[in-house]
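Q: Please walk me through the terms used for this model, setting each value against its cut-off.

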Amino acid sequence: MNLRDLKYILAVAETRHFGRAAERCFVSQPTLSGQIKKLEDELDVVIFERTNRSVEITPVGEEILHHARLALEQTAAIEQVAHAHQDPLAGPLRIGAIPTVSPYLVPLLLRPLRARCPKLQLVLSEEITDTLLARLSHHEIDAALLATPVEDSDLAAIELFDEPFWLAHPTGHPLQQRAEISAADLESTELLLLADGHCLAHQVMEVCRLSQRPSQGEMADLRASSLETLLQLVSAGFGCTLVPALAVRETWMRDHGIVSRQLHLPDAYRRISLVYRRSFPRRQVLERFAEVVRDQLPDSVHSLGAAA
């Protein structure tokens, strides 16, 4: 068994196809298939069930793949340790972010991060929470900017900031007459929500005391995949929505007939954290990334200084 074999089985597991896995590893398919068969014979187990139509991972294969990912990550850690004497903050850092955070936070970070860590290569990806957690567990990213607490003993989090929610409604909406928006106002207002899979939709429902999505009425079929689309719907007069503070653009919203209102409710916020595997060997670079985030936050959010 060697590291090359571990890379081969991970490539097959991720592509579920021996041909595509061979292309990824820059070898011929017979070479990759033969090497994996030798590994299975050496271990006296079957890692993959092969048919003409599919490649499935066996239960013992899943366990082996878990350890293979750890082994490859620790191998990379050895290389990083070797370079640490030159610059511990050099090399790639793979960060994932949910779509309701990434376009509003990441642009604030790029220049300051480059100034503080000029040899750091930031690799960004934007996906929903469940996908990011899966990629974290598969060691495809190093950390993720998430807005939901994670209950997984293999993961840890650096808390970054609390982000209040604002109400966005069309000009002339009945709520415009309210001096302050109450929880009761939100409960009785039909709200536009993001599509299923976005944690923001669930958080908005919690703030507004909604046990389930609307099943009837005009709002039931309006489920956007982005905050920008939601705001365009508000601009068109289709309803109200809650917007995280970093996404509030008061001038643009005012020009498009949207009134933005800060909510003064104790639970009308979400907590943004940097979630990572406890086994990740470069905690120092995550702490530096967290420092940059906190230093660049606008006054509309509340920075959290300590790691959790």
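A: A crossing is left-handed if the near helix is turned anticlockwise from the far one by less than a right angle, and right-handed if clockwise. Helices (H or I, at least four residues) and strands (E, at least two) are DSSP runs, numbered from the N terminus. This is a predicted model, in which local features need pLDDT of at least 70 and side-chain atom pairs count only at pLDDT 80 or more, while totals for chains, interfaces and linings use all residues. Residues are numbered from 1 along each chain as its sequence is written, and side-chain values use heavy atoms, with hydrogens and water left out.

Q: What makes α1 oblique to α2?
A: Helix α1 (residues 3–15) and helix α2 (residues 18–25) pack at an angle of about 130°, and their axes are 8 Å apart. That makes α1 oblique to α2, because angles under 35 degrees count as roughly parallel, over 145 as roughly antiparallel, 65 to 115 as roughly perpendicular and the rest as oblique. The axes are lines fitted to C-alpha atoms, for helices over the stretch in contact, and the angles run from 0 to 180 degrees between N-to-C directions. In handedness, the crossing of α1 with α2 is right-handed.

Q: Which residues in α1 meet α2?
A: With contact meaning heavy atoms within 4.5 Å, Lys 7, Tyr 8, Ala 11, Val 12, Glu 14 and Thr 15 in α1 meet Phe 18, Arg 20, Ala 21, Arg 24 and Cys 25 in α2. By class, this contact of α1 with α2 has six nonpolar, one polar and four charged residues; Ala, Val, Leu, Ile, Met, Phe, Trp, Tyr, Cys and Pro count as nonpolar, Asp, Glu, Lys and Arg as charged, and the others, Gly among them, as polar.

Q: Why are α5 and α11 called oblique to each other?
A: The axes of helix α5 (residues 102–116) and helix α11 (residues 283–296) come within 9 Å and cross at roughly 120°. The pair α5 and α11 is therefore oblique. On the α5 side the contact includes Leu 105, Leu 108 and Leu 109, and on the α11 side Phe 289, Val 292 and Val 293 are among the residues that take part. The contact of α5 with α11 has eight nonpolar, one polar and four charged residues by class.

Q: Why does His 139 count as buried?
A: Its relative accessibility is 12%, and buried means under 20% relative accessible area, exposed over 50% and partly exposed in between (1.4 Å probe, protein chains only); His 139 therefore counts as buried. His 139 is found in the loop between α6 (129–137) and β5 (143–146), where its phi is near 65°, a positive value in a residue other than glycine. Not counting residues up to four places away in sequence, His 139 touches Arg 69, Leu 70, Glu 73, Arg 94, Arg 277 and Ser 279.

Q: Is Asp 44 buried or exposed?
A: Asp 44 is exposed, because its relative accessible area is 70%. Asp 44 lies in the loop between α3 (29–43) and β1 (48–50), and although Asp 44 is not a glycine, it has a positive phi of about 60°.
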